[in-house]
Amino acid sequence: MKRETIKSYDFPYIIEAQKILVADPGRQLTITALALEVGINTFKLRVGFKQLFKMTIHQYRLDLRLDIAKKLLTETDLTISEIAYKTGFDSRDGFARCFRRKYQESPREWRKGTVLLLDEDELN
């Protein structure tokens, strides 16, 4: 079976889709809706995105959301549930599962470890 490659004239559409994801990673947006918004078909968007960014659209958006969540855990006093919903997760449990899968610790453990590191820096 032949491996599909995307033509260079499709790249601006794929980059535009990436910019939309970065601008609002928590936005509930299907791949079909994203493809319509940028003006490319879903097949080209999915294949081209993976070709350009070496990950699926879903994984890219999930990584963005988890990076924002990590920052919110570090820099705010928001509850873990508030952070979960603010970053587009449907539940606190789903958020915690994804967070643990990426960072090998729960959001609570991450926050606790970050607070301890910050406290130690202030003492020095």
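## A loop to start from

Begin in the loop between H3 and H4, where you will find Lys54. The model is a predicted one. Select Lys54 and look at its backbone: phi is positive, about 60°, although the residue is not a glycine. Most residues other than glycine have a negative phi. The side of the question that concerns solvent is settled by the relative accessible area of Lys54, which is 68%, so the residue is exposed.

## The whole chain

Zoom out and colour by secondary structure. The protein has seven helices and zero strands, and along the sequence the pattern reads α-α-α-α-α-α-α. Of the 124 residues, 34% are buried. Now consider contacts between residues at least 6 apart in sequence: 55% of them join residues at least 24 apart.

## Helix H1

Select residues 11-23, which form helix H1. How far apart are its end C-alpha atoms? They are 18 Å apart, in agreement with the 18 Å that the 13 residues of H1 should span at 1.5 Å a residue.

Next, show the side chains of Ile14, Ala17, Gln18, Ile20 and Leu21, the buried residues of H1. Turn the view so that you look down the axis of H1: these buried residues fall within an arc of 160°, so they line one face of the helix. They pack against H2, H3 and H4. On the face turned away from this buried side, select Pro12 and Ala23, which are exposed.

## Helix H2

Move on to residues 31-38, helix H2, and pick out its buried residues Leu34, Ala35 and Val38. Looking down the axis of H2, you will see these buried residues within an arc of 100°, so they too line one face of their helix. What covers them? The cover includes helix H1, helix H3 (42-53) and helix H4 (57-75).

Step past the end of H2 to Gly39, which follows the helix and has a positive phi, near 85°.

## Where H4 meets H6

Select H4 together with helix H6, residues 92-103. At what angle do the two axes cross? They cross at roughly 95° and come within 11 Å; the two helices, H4 and H6, are therefore roughly perpendicular to each other.

To display the contact, show Leu62, Asp63, Leu66, Asp67, Ala69, Lys70 and Leu73 on the H4 side, and Phe95, Cys98, Phe99, Lys102 and Tyr103 on the H6 side. By type, the residues of this contact are eight nonpolar, no polar and four charged.

Stay with one of the residues in H4, Asp63. Is Asp63 buried or exposed? Its relative accessible area is 18%, and it is buried. Leaving aside neighbours within four places in sequence, Asp63 is in contact with Met55 and Lys102.

Now select Arg100, which is found in helix H6. With a relative accessible area of 41%, Arg100 is partly exposed. Show what it touches: apart from neighbours within four places in sequence, Arg100 is in contact with Glu105, Ser106 and Glu109. Then draw a C-alpha to C-alpha distance from Arg100 to Trp110; the two are ten residues apart in sequence and 9.3 Å apart in space.

One of those contacts, Ser106, is the next selection. Ser106 is found in the loop between H6 and helix H7 (107-123). Ser106 is buried, at a relative accessible area of 15%. Not counting residues up to four places away in sequence, Ser106 touches Phe99 and Arg100.

## Last stop

Finish with Gln104, which lies in the loop between H6 and H7. Gln104 has 61% relative accessibility and counts as exposed.

How values were computed. Residues numbered from 1 in each chain as written. Predicted model: local features only at pLDDT ≥ 70, side-chain atom pairs only at ≥ 80, totals over all residues. Heavy atoms only, no water. Buried < 20%, exposed > 50% of the residue type's maximum accessible area, 1.4 Å probe, protein only. Helix = DSSP H or I, 4+ residues; strand = E, 2+ residues; numbered from the N terminus. Arc of directions from axis to C-beta. Contact = heavy atoms within 4.5 Å. Axes fitted to C-alpha atoms, helices over the stretch in contact; angles between N-to-C directions. Parallel < 35°, antiparallel > 145°, perpendicular 65-115°, else oblique. Nonpolar A, V, L, I, M, F, W, Y, C, P; charged D, E, K, R; others polar. Expected span 1.5 Å × (residues − 1).
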